[in-house]
Amino acid sequence: SFIDYIKNGVFIKLDIGIDFTASNNLPNDPKSLHYIYGNKPNDYEQAIRACGTIVAYYDYNQSFPTYGFGAVVGNDNQPSMCFNINYEENPEIYTIDNVIEVYKNCFNNIQLAGPTKFCPMIRKVIENIRRENNPMQYHILLILTDGIILDMQETIDALVEGSFLPLSVIIIGIGNDHFQEMVTLDGDDNPLVSSSGVKRMRDLVQFVPFNKYRFNPEKLAEQVLEEVPRQITEYYTMNNIFPENLSTNRINNFSII
């Protein structure tokens, strides 16, 4: 089971991605999903705390690489589709509380822009997984977004590639968009197929509309984690790695391709 893998040495790494596209509206607009006023948390803050804390419970060191996408950063001329919100070389931020503080301070150095693209950030996490080459570390990428993406096929291609790696993606829908594309990426009814015809190795995406469960913490936790245990066990069993041999040469000699 999932718990057997955790008890025998698999550790979770939570990555976070935050949508800074202009469709969220400016943070000084009371109607904005990024609205920052006093101590009242906005929709993104609430989702980061509620959903991030659920996944972070399993994270081994409580330090979370956190990325933004869809904003112009500093004096850049073009929007970035993947930037470290702490503006440091190392994107890791210790504790969910600090992630929220850095997120709020981030607006001092960005302009909301667009378009919404998931692929660059997913590929960044995939690049990190391949560089680390540590099958004992399983990444969960938590993406918070307000809706429609413009790189659907590129995102599907990246997710199909990620399905062969120790990776799960949880998409949290912020606001009241119809989120049809997020449902498609979830792939429960129609498994994802890449542009080159490769079918995903396993399901790795879960979509959760935050507003539907925001006032029901137990149901929210259930939805956020609904598929992750199965996704983790499927990854390891498909690679013939079982809890009882995690400490043997079988896992030591396993290389992430």
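## A walk through the helices and salt bridges

Start by selecting K104 and E101: they sit three residues apart in helix α3, so about one helical turn separates them. Keep in mind that this is a predicted model. The two side chains form a salt bridge, with the closest N and O atoms 4.0 Å apart. E101 is partly exposed, at 40% relative accessibility.

R49 belongs to helix α2 (residues 43–56) and D97 to helix α3 (residues 96–106), so the pair ties together parts 48 residues apart in sequence. Color by accessibility and R49 comes out partly exposed at 41%, while D97 is partly exposed at 45%.

Next, jump to D203 and R230, whose side chains meet in a salt bridge at 3.3 Å, N to O. D203 is in the loop between α6 (180–186) and β9 (205–209), and R230 is in helix α9 (residues 228–238), 27 residues away. D203 is buried, with a relative accessible area of 7%, whereas R230 is partly exposed at 33%. Now widen the selection to R200, E227 and E234: together with D203 and R230 they make up a salt-bridge network. The whole structure holds twelve salt bridges.

Last stop: helix α4, residues 119–132. Show the side chains of its buried residues, among them C119, M121, I122 and V125. The buried residues of α4 pack against β1, β2, β7, α5 and β8. Just past the helix, click N133, which has a positive phi of about 45°.

Note on methods: Residues are numbered from 1 along each chain as its sequence is written. This is a predicted model: local features need pLDDT of at least 70, side-chain atom pairs count only at pLDDT 80 or more; totals for chains, interfaces and linings use all residues. Side-chain values use heavy atoms; hydrogens and water are left out. Buried means under 20% relative accessible area, exposed over 50%, partly exposed in between (1.4 Å probe, protein chains only). Helices (H or I, at least four residues) and strands (E, at least two) are DSSP runs, numbered from the N terminus. Contact means heavy atoms within 4.5 Å.
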